[in-house]
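Colleague: I have a few questions about this model. Can you take me through them?

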Amino acid sequence: MTFLSVKNISQQYFSHNSYTKALENICFDVSEGQFLSLIGPSGCGKTTLLSIIAGLITPTAGKVLLEGKEMAKEKLQIGYMLQQDYLFPWKTIMENVLLGPHIQKNRDPSLKEKAEQLLEEMGIGQTKNSYPNHLSGGMRQRVSLARTMITDPKLLLLDEPFSALDYQTKLKLENLVASTLKTYKKTSILVTHDIEEAIAMSDTIILLSSNPGKIHSTFTVPEELQNMTPFEARHHTTFPSFFKKVWKEMENLESKAG
Ligand SMILES: Nc1ncnc2c1ncn2[C@@H]1O[C@H](COP(=O)(O)OP(=O)(O)OP(=O)(O)O)[C@@H](O)[C@H]1O
Ligand SMILES: [Mg+2]
């Protein structure tokens, strides 16, 4: 059975004086453990698509199946990480990580140990009793990742989680996120504006065109790059030629859009 199946998704937004066709007939499958990136121009519907996959928006048409079941019923199986970390400033790092289980009234004592382990693995174990405003942007995104992982979601959705970070922090965090997701064998979908990031992190890249958002092309990242850390991939000899291939398609798409 396909792990995640996105079937004929279309989305239209209506308001009293406007109408936007955000997505048209989007179809793709993601297998378990796969890392997929969505790239495309601003406004092509990437966030809309993630929100539909997360079950937060009911699409105008089509459906999303996780292990054969409709996504609306599977909401708790999804972890969502955003550009902004949305940590609560009045809660400690540990309390922020345990927020999801806390809301679900899950008081399982092993969760605290798991939170400690995740923070430790992310190199920020010493911050567990600190407050978010004492942490750098990169550290806060690590907390955000730990909070996303604590509920052991089947699917991770990452909406530009690195785009607010400086370049060096972003590269370090790419490695950390990729290795964490690999260790825990997570299936992930990343939205990014950055072609290099998409290549470094993913197995598959989907390029969307805009107005309305449609799948323009799908790329399989060369296997040798898939098996490396993002940092190593960026420095591999295959990287520049594959980058050019994706870049060219993106340019074709922009020239068509005029
Ligand atoms: N709640 C909404 N109501 C009306 N229109 C919306 C709504 N959310 C998004 N849109 C429109 O749908 C289209 C897709 O928006 P979306 O935010 O999904 O794009 P995106 O690819 O994530 O953009 P970006 O790269 O800038 O984050 C845009 O034209 C946007 O204006
Ligand atoms: Mg967006």
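Modeller: Four strands make an open sheet, paired antiparallel, in the order E2-E1-E4-E5. Strands here are DSSP E runs of at least two residues, helices are H or I runs of at least four, and both are numbered from the N terminus. Two strands pair if DSSP finds at least two bridges between them. This is a predicted model: local features need pLDDT of at least 70, side-chain atom pairs count only at pLDDT 80 or more, and totals for chains, interfaces and linings use all residues. Residues are numbered from 1 along each chain as its sequence is written, with chains lettered from A and ligands numbered from 1 in the order in which they are written.

Colleague: Which element gives the largest share of the shell around ligand 1?

Modeller: Strand E2 (18-30) and helix H1 (46-53) each supply at least two residues. The largest share, three residues, comes from H1.

Colleague: Is Tyr 131 buried, exposed or partly exposed?

Modeller: Tyr 131 sits in the loop between H4 (110-121) and H5 (137-149). Buried needs 20 or more other C-beta atoms, placed from the backbone, within 10 Å of the residue's own; exposed means 12 or fewer, and partly exposed lies in between. Tyr 131 has 16 such neighbours, so it counts as partly exposed.
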